[in-house]
Amino acid sequence: MWEIEKAILITNNDRVQEKYKDMMNVLYVESYEEVLVKTRDMVYDRHVLLTHPQASSLKPNQTPYRSVVIYPKGNDDNMKDILLIEKCLETYYQWQKIAPTPEKYEDRAEEDFKTIDLSVIDNIIPRIS
Amino acid sequence: MRLELGKIEIKDIQFSDRTYIEEHILYVNKEEVEALVLEDDKLLECHLDIARPGDATRITPVKDVIEPRVKVSGNGEIFPGIIGKVSPTVGEGRTHALNGCCVVTVGRIVGFQEGVIDMSGPAADYCPFSKTVNLCVVIEPKEGLETHVYERAGRLAGLKVAAYLGNAGKEVEPDSIETYETKPVFQQAAEYPELPKVGYVHMLQSQGLLHDTYYYGVDAKQFVPTFMYPTEIMDGAIVSGNCVAPCDKVTTYHHLHNPVIDECYKRHGKEINFMGVILTNENVFLADKERHSDMVAKLAEWMELDGVLITEEGYGNPDTDLMMNCRKVERKGTKVVLITDEFPGKDGKSQSLADTCDEATALASCGQGNMTLQFPAMEKVIGMQDYIESQIGGWAGCMNEDGSFEAEIQIIIASTIANGFNTLAARGY
């Protein structure tokens, strides 16, 4: 149903980029917000979401790392995807108003956030390969 | 499927030279339990401590909470597929539960996702485990272990200790016995034909590493929705294996004591005909969400349910599953009531859920996690307070030198748990 060569992985997690850059198209950006914005732009430009942009239940003002996989929409309708990514962005800004994401965590916490984000992607890549 | 659940009231835990129950006191051989935990070579150290209601004690970071239980008769073993044999299935015969005491696993796994239990003070009002006598199993992993390897070791340690303690109750006469029964679908439908047929859609956390739940030992993200007799869950067929936000973490204790199942059984044969549980998951892959919510709706239709209750675990991604399940089940003609907690900001004015749908017209709220609270310093800390500021609900600078801190109630284990176990509620007028 899917071909890994056509999927696009948008991430700000260097461990995700490092692991998957030779296997698929990876767009590396600098921040969580940029991942969502880039994803939104791509969804508006004829892509669908393959993964939920709020995976892992970490609050959007908690984890600094986010990875999302998208796919060309072909002839499918992608209105649901547009609504979902817009909702995710709205939720992200709502949580930033509650309290902004800390600029720096201690190293072990940073690594744990990266590990959880990477695990989400590790779990779904075999499904599209 | 019929289960007798015998409750042995436990009023205290004390260390002793052997493990047994006498006069409502659970005596524990400390060395035996520590040796049991350290059978796992991933764990370097283990020490036990006891926390009692009213103590000036804080337990943190908490990984899981488990009630000791044992199978006395009937098929299968407690925690099947993990501690007990995977087959035959559990949920019938007789089970004894050590009511009023818990095993609490403590240690940094993903530091920021494990929470706090205060045994006294203002935060104790928000936590069910401030009211139980807790045997705390504090574990320390070997250096350099991958986080998920350590998580597994911690999960198994807690379950092993709970099964070991449960065994002490096998020959003890329970203080009370409750009987629960759900029959095969056609028989159950025929038993109370005049009452509305009600089911429970039970969504398990299953988003990936450190965010998983286990069903008969299977990682929940690997199954498709299925039917369960509620009594299977009371025998430990579902165990927690995750590190989600403390406030809405469904611990293994909460699986054993699922409040939706309890309430449905109380009304079974009187107000409703409780038909059973549709078990589903909360995957990250959107195709899984679509497929599994279709299957949930199909099962609800096949069981000819008049109404379902749906609970979720977690925030964000699972809200999408919650709404997909709601929309599709409603469109099959079955009424839906959602149960969840809310994150509307400190002032309560922002949108509470990360997703919504038009069909979501009835929702029971379990409270809001963004409310803040002052946590006083405690005389004793079981575990460590090193992670308070990075734990969800805390923030840089929230901790004072004397060990007191301010944080959102998200940091308290199960404070707003999204299945209604606690008594917090948000009411609309």
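**Chain contact, helices and sheet**

Modeller: Gladly! The contact draws 32 residues from chain B and 29 residues from chain A, where contact means C-beta atoms, placed from the backbone, within 7 Å. This is a predicted model, in which local features need pLDDT of at least 70 and side-chain atom pairs count only at pLDDT 80 or more, while totals for chains, interfaces and linings use all residues. Residues are numbered from 1 along each chain as its sequence is written, and chains are lettered from A and ligands numbered from 1 in the order in which they are written.

Colleague: Which element gives the largest share of the side of chain B that touches chain A?

Modeller: Helices (H or I, at least four residues) and strands (E, at least two) are DSSP runs, numbered from the N terminus. The largest share on that side of chain B is 3 residues, and they come from α8(B).

Colleague: How are α7(B) and α8(B) oriented to each other?

Modeller: Helix α7 (residues 286–302) of chain B and helix α8 (residues 317–331) of chain B pack with axes 9 Å apart, at an angle of about 40 degrees. Axes are lines fitted to C-alpha atoms, for helices over the stretch in contact, with angles from 0 to 180 degrees between N-to-C directions. Under 35 degrees counts as roughly parallel, over 145 as roughly antiparallel, 65 to 115 as roughly perpendicular and the rest as oblique. Therefore α7(B) and α8(B) are oblique.

Colleague: In β8(B), what is the bridge partner of B:I8?

Modeller: Strand β1 (residues 2–9) of chain B pairs with strand β8 (residues 93–99) of chain B in the parallel sense over 7 bridges; pairing takes at least two bridges found by DSSP. In β8(B), B:I8 has as its bridge partner B:L98.

Conventions: Contact = placed C-beta atoms within 7 Å.
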